[in-house]
Amino acid sequence: MPGPARGLPATAPRSRGNVRVVAMTADDPAEIAKSYRSFARYEAHGRSPAYESLADAVAGDAALVRFVASLPPGKRQPNLLFSVARYLLGAPPGIEELRDLASRSRAEFTEVLLSRRTQTNEPARCAMLLPALAQLPPPLALIEVGASAGLTLLVDRYSYDYAGHRLAGRDPQAPTLRCAPSGPVPLPARLPEIVWRAGLDLNPLNVRDEDDVRWLSCLVWPGEGDREQRLAAALASARRDPPTVHRGDLLTDLPTLVTEAPAGATLVVYHSSVLAYVAPSERAGFIATVRDLGVVWLSNEAPGVVPGLPVTSARGEGMSVLARDGRTPLAHTDPHGAWLRWLS
Ligand SMILES: C[S@@+](CC[C@H](N)C(=O)[O-])C[C@H]1O[C@@H](n2cnc3c(N)ncnc32)[C@H](O)[C@@H]1O
């Protein structure tokens, strides 16, 4: 059985800096405070009351904002700050604990912030992809770029419940992904046949490594109880038969990986919540590459992240857009897989 994380044969670099993580480039403390308020209002609101008030509290704390400003731009996101604090403390932080970490344990806090990246792996995003995958000619071969630990590669292992439309997955012990559909969602009668799959990530997480698993669980926001259970069940399933995730950069290593896919299957390249971590100036290069490969390309990203894809929402916070080939929006999706609104 292949290990969960393998190097690509040719060009894949062993490691990359974190400069590609695009998040908060402004050094201006007022801008940093604003982005924490915006995280509270548009991302944490309605999902995690604890992180909503924590992000607001950080925005109002001059010393913490200065600490965040001292970090490299790609390391300033609330998500990463809070998850690293949780990793160090063993429990979700409050504002006092954050103040303490940033003052008394500044060196250790900074070191872990620099070494970790936001790699949230949400299996429920498979429920967003499944209707689009099931419409393609079978069998399928899958490549996920930005796969993290590979949990979103295991589309056929999970069971699904789309408000009563149920599908049984290959692993009866894997979680059931519950998703509220609306609009003309082409809900499939059965799961598609997947004959091959591989992931690509700058830093593949190993589902059999305790520390990586702990990091994945720290990335889940407090107050979203079902996410923690889903993650634990998906990880247990993945450990029994780990997905292969190669170390590599989606900007340079995708063509090599594509050559490993078997002939005779519909090859699908997809990604969810990944391109926001790639510099805007480099996204067009990825898109040109993926188009040249002659594959089916599915993206599930926040509005405005995929260049050239029509922005179908006025503000766009708190939702993603599932699209085919970077041209056709198929659905609006919940970033954590809870609902799916198919576009007519
Ligand atoms: C937020 S996670 C999303 C994981 C998974 N797609 C999901 O939906 O659960 C983003 C992942 O993209 C990876 N990533 C970011 N930039 C990348 C790049 N240039 N090449 C490959 N992977 C990248 C990160 O390491 C991280 O694991």
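**Briefing: ligand shell, a helix pair and backbone exceptions**

Pro-139 is located in the loop that runs between α7 (126-134) and β2 (140-145); helices (H or I, at least four residues) and strands (E, at least two) are DSSP runs, numbered from the N terminus. This is a predicted model, in which local features need pLDDT of at least 70 and side-chain atom pairs count only at pLDDT 80 or more, while totals for chains, interfaces and linings use all residues. Residues are numbered from 1 along each chain as its sequence is written, and side-chain values use heavy atoms, with hydrogens and water left out.

**Backbone**

- The peptide bond joining Pro-138 and Pro-139 is cis, with omega about -5 degrees.
- Ser-273, in the loop between β9 (266-272) and α11 (280-292), has a positive phi near 55 degrees.
- Most residues other than glycine have a negative phi, and most peptide bonds are trans.

**Ligand**

- The ligand is surrounded by 21 residues (a heavy atom within 4 Å), and the closest are Gln-119, Glu-122, Arg-125, Asp-201 and Ser-272.
- This shell divides into 4 nonpolar, 10 polar and 7 charged residues (nonpolar: Ala, Val, Leu, Ile, Met, Phe, Trp, Tyr, Cys and Pro; charged: Asp, Glu, Lys and Arg; polar: the others, Gly among them).
- Oxygen atoms of the ligand lie 2.7 Å from a polar side-chain atom of Arg-125 and 2.5 Å from one of Ser-272.
- A side-chain N or O atom of Asp-249 is 3.0 Å from a nitrogen atom of the ligand.
- Of the 600 Å² of accessible area that the ligand has on its own, the protein covers 99% (Shrake-Rupley method, 1.4 Å probe).

**Helix pair α4 and α5**

- Helices α4 (residues 78-89) and α5 (residues 95-103) pack at about 85 degrees with axes 11 Å apart (lines fitted to C-alpha atoms over the stretch in contact, angles from 0 to 180 degrees between N-to-C directions).
- The angle therefore makes α4 roughly perpendicular to α5 (65 to 115 degrees).
- Leu-81, Phe-82, Ala-85, Leu-88 and Leu-89 of α4 make the contact with Glu-97, Leu-98 and Leu-101 of α5 (heavy atoms within 4.5 Å).
- The residues of this contact comprise 7 nonpolar, no polar and 1 charged.

Technical notes
A polar contact is a pair of N or O atoms within 3.5 Å; within protein, one must be able to donate a hydrogen and the other to accept it, and residues adjacent in sequence count only if both atoms are side-chain atoms. Angles under 35 degrees count as roughly parallel, over 145 as roughly antiparallel, 65 to 115 as roughly perpendicular and the rest as oblique.
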